[in-house]
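Student: Could you walk me through this one, starting with how the chains meet?
Tutor: Gladly, let us look at it together.
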Protein chains: 2
Amino acid sequence: MLYIIGLGLADERDITVKGLEAVRASERVYLEAYTSILMVDKQRLEEYYGREVAIAHRETVESCSDEILRDADKVDVSFLVVGDPYGATTHTDLVLRAREKGVRVQTIHNASIMNAVGATGLQLYNFGQTVSIVFFTENWRPDSFYQRIAENAALGLHTLCLLDIKVREQTMENLMRGRQIFEPPRYMSVSLAAQQLLEVEAARGGGACAEDTLAVGVARVGSADQLIRAGTLRQMADYDFGVPLHSLVLVGHRLHDLEADLLREHAIDLATLDAVLERDYKIGSR
Amino acid sequence: MLYIIGLGLADERDITVKGLEAVRASERVYLEAYTSILMVDKQRLEEYYGREVAIAHRETVESCSDEILRDADKVDVSFLVVGDPYGATTHTDLVLRAREKGVRVQTIHNASIMNAVGATGLQLYNFGQTVSIVFFTENWRPDSFYQRIAENAALGLHTLCLLDIKVREQTMENLMRGRQIFEPPRYMSVSLAAQQLLEVEAARGGGACAEDTLAVGVARVGSADQLIRAGTLRQMADYDFGVPLHSLVLVGHRLHDLEADLLREHAIDLATLDAVLERDYKIGSR
């Protein structure tokens, strides 16, 4: 059996009981390490599981699925994914290959930021499509997310923005020379995401993510150290949310009074928030 | 401390390790019993937790939050919610009351259908806003979901339809006479939801959920007995998905080839699915 197991959001105890039992019964355990991270390291997981954990990089999963699936028709193998297993396409790929090989697959679900973002007080019903924001480079500034944000905004819906993570990056020189030397991992901050959004807005001018658009930044959701702050996108660009992971929500105009009440509890600056709520969202202060 | 704990989707072992530890350390444990259900009964939870579990009906949570929060500044109290705690508004209300009373609140997240629906093979990025479909009665046939489905469809996005559950319903006679006698719980099936959607489509005529619209029905997601079937809305209306809980996804036209491949694995009837994919979704058969 191939178990595809969501680990949830924060630490080793966010795995479900069912998931933990599957891991402990597995002959081999892989941890997918390129779409998200936990707030604890591999060693802590290994101690807790009582199992060795092999890190599966993107290239491992894409090119070495035979190794991951080896003998999985006879023994149990666990493939661990931070959050819920079905955020990213690649695992679907692994599922399809398993089926081709006659390996049974069981998914053990868990929380992902897609539902945990409800902790902001914004209602999940009022979210439109989710977007990803990648690190801009000098020559590569993909902004296709803008269209989707604008579509959500036109309907008055919130947008969850998932922020890029870069692991195992190589400098051009190391890449050219074939050296397996990797740069330190990078995780996009709310602040950088807001700056990039404002830059795209300045170029596109549609008003979907402007300086005064309300936003909610979140960091380390699901951990004891979780941080939620509401304010304008301009404020987000200047706010330090601390260590990763971060996500950003753009607040749509269908915002309800009850949602606004909860945003106030997280205001970076209540006067600014109330002013924008009243002027742009037609929600009076209490 | 008030712990608000997601139980996940299927049975008593879908709780997280962190959640289980909190429950076992709690003086009182409440189970919210009106927005969703597990596939196991209260007794099984009580045996597994080693704790008595009090069922919290909607009216309990709304009118007796003082009792739920009693002494929660001194002892631990657990409030259990099937799925993730932040699907429904009412828990937000409980959180706000706790804060007013100076009770600390910790949320322990878990899977909900909002992310677990990725098990269909449809990508979470391609979903628009989620809608709820309630049981139609002779005199009450609210169809405000149609507008939202149409908005999603116009953008080519998928729509997750959450299906009504009715617990503690009273007949008009029992209600009038003040008798605490309740009807058996009812859970909307994929089949009934599809019939209601087709009825609304016939009245509205926008084409957002027509006979040939592709849909994916799911039942008992996250359990060993999970069922996923893809077909037209007409087929859904006639298909028996078995015991609860059910959800329904309407498939948008931005459907990718990889998503279509996975739908084919779940086809009620492959020829019909391929024909609609080719004609309406411009995706050729393999």
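Student: How many salt bridges are there between chain B and chain A?
Tutor: There are ten salt bridges between chain B and chain A, a salt bridge being a side-chain nitrogen of Lys or Arg within 4 Å of a carboxyl oxygen of Asp or Glu. One of these links the side chains of A:Asp14 and B:Lys18, at 3.1 Å from N to O. This is a predicted model, in which local features need pLDDT of at least 70 and side-chain atom pairs count only at pLDDT 80 or more, while totals for chains, interfaces and linings use all residues. Residues are numbered from 1 along each chain as its sequence is written, and side-chain values use heavy atoms, with hydrogens and water left out.
Student: And what area is buried between chain B and chain A?
Tutor: About 4,400 Å², with 54% of that from carbon and sulfur atoms; buried area is the accessible area (1.4 Å probe) that two parts lose on being put together, summed over both. Of the area that chain B buries against chain A, 16% comes from B:Arg13, B:Lys18 and B:Tyr125, more than from any other three residues.
Student: New topic: why is strand β2 of chain A largely enclosed?
Tutor: Strand β2 (residues 28-32) of chain A is largely enclosed by the rest of the structure because five of its five residues are buried, meaning under 20% relative accessible area with a 1.4 Å probe, protein chains only. Strands here are DSSP runs of E, at least two residues, numbered from the N terminus.
Student: Which way do its residues point?
Tutor: A:Arg28, A:Tyr30 and A:Glu32 point one way from β2(A), and A:Val29 and A:Leu31 point the other way.

Methods
Chains are lettered from A and ligands numbered from 1 in the order in which they are written. Buried means under 20% relative accessible area, exposed over 50%, partly exposed in between (1.4 Å probe, protein chains only). Helices (H or I, at least four residues) and strands (E, at least two) are DSSP runs, numbered from the N terminus.
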